[in-house]
Amino acid sequence: MRAVLMGPPGAGKGTQAKVLSHDAGVPQVATGDILRLAREQGTPLGRQAQSYMDSGALVPDSVVIGLIEQRLREPDAAAGFLLDGFPRTVPQAEALDALLGTLSRPLQDVLLLQVAEDVIVGRLSGRRTCPSCGRAYHVESDPPPANGRCGTCGTEIVTRPDDRPETVQARLRVYAESTAPLREYYGAQGILRQIDGLGTVEEVTARMQAALRR
Ligand code: AP5
């Protein structure tokens with residue numbers, strides 16, 4: 001599998017990427033998770049990304065492109081990868097094509113999860129996240145354990161700072177302006193598959209797996 005999972009904030013990319021990458025035996029490469037970890041560890045990358053993330057803006061292309069180039073050259077990505085949240089701009093997509101061309105490992109599939117805006121707002125307002133392993137919960141559809149700790153790794157569950165309503169609106173605007181044009185970019189390459197992201201997690205996974213098999 002050499003695939004990209006795209007979609008607006010809260011569409012379910014992280015939730016689905018965990019299942020699909022596990023089933024395919026390839027790493028899930030999520031730029032949001034990498035940046036959040038860097039912030040938590042207080043690295044120079046994390047300090048650089050912080051203000052962009054808190055306001056719902058994109059971290060500069062040069063920063064995330066460098067990060068992905070490094071990550072995809074690691075040995076565990078040689079047999080495949082599932083990118084989650086990258087690329088998010090046309091220059092990022094062009095840089096990815098150039099890198100994969102150099103490695104003779106072109107992209108095979110781009111899965112675009114489609115979810116209506118009112119559903120997105122409901123998903124993000126109810127999301128709770130593990131800051132350590134990145135697992136997402138939802139207060140209604142997938143509540144976290146009663147002790148407030150992650151069922152996977154035991155870390156205390158938090159609400160992401162960028163899930164505040166005003167920041168969610170900013171992220172949706174950024175998606176429409178900077179990321180939605182990738183639909184045309186990958187449509188022209190003939191590798192875009194649009195997936196209905198409504199329904200249970202399992203129903204959406206089944207649609208994505210069917211699209212990957214085609
Ligand atoms: P990132 O972490 O990538 O955020 P995002 O794309 O906005 O996506 P989310 O993580 O919010 O949502 P998701 O689609 O993964 O949904 P989830 O599965 O959690 O990026 C954060 C920030 O980092 C960006 O704003 C930017 O600043 C920076 N950044 C990252 N990448 C960058 C890049 N390439 N370039 C520049 N900057 C970058 O699901 C959401 C909720 O819904 C959860 O509660 C979940 O339990 C629930 N849910 C999921 N599926 C379902 C379902 N089928 N039914 C009911 N509930 C569901």
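Modeller: A contact here means heavy atoms within 4.5 Å, and residues 24 or more positions apart account for 68% of the protein's contacts with a separation of 6 or more. The model is predicted, so local features need pLDDT of at least 70 and side-chain atom pairs count only at pLDDT 80 or more, whereas totals for chains, interfaces and linings use all residues. Residues are numbered from 1 along each chain as its sequence is written, and side-chain values use heavy atoms, leaving out hydrogens and water.

Turning to the rings, those of Phe, Tyr and Trp (its six-membered ring) pair if their centres lie within 6.5 Å, with planes under 30 degrees apart called stacked, over 60 edge-to-face and the rest tilted; this rule gives a count of one aromatic pair. That pair joins Tyr185 and Tyr186 in an edge-to-face arrangement, with 5.0 Å from centre to centre and 90° between the planes. Tyr185 and Tyr186 are both buried, a term for under 20% relative accessible area with a 1.4 Å probe and protein chains only, exposed being over 50% and partly exposed in between. Of the 214 residues in the protein, 43% are buried.

Along the principal axes, the C-alpha atoms fill a box of roughly 45 × 40 × 35 Å.
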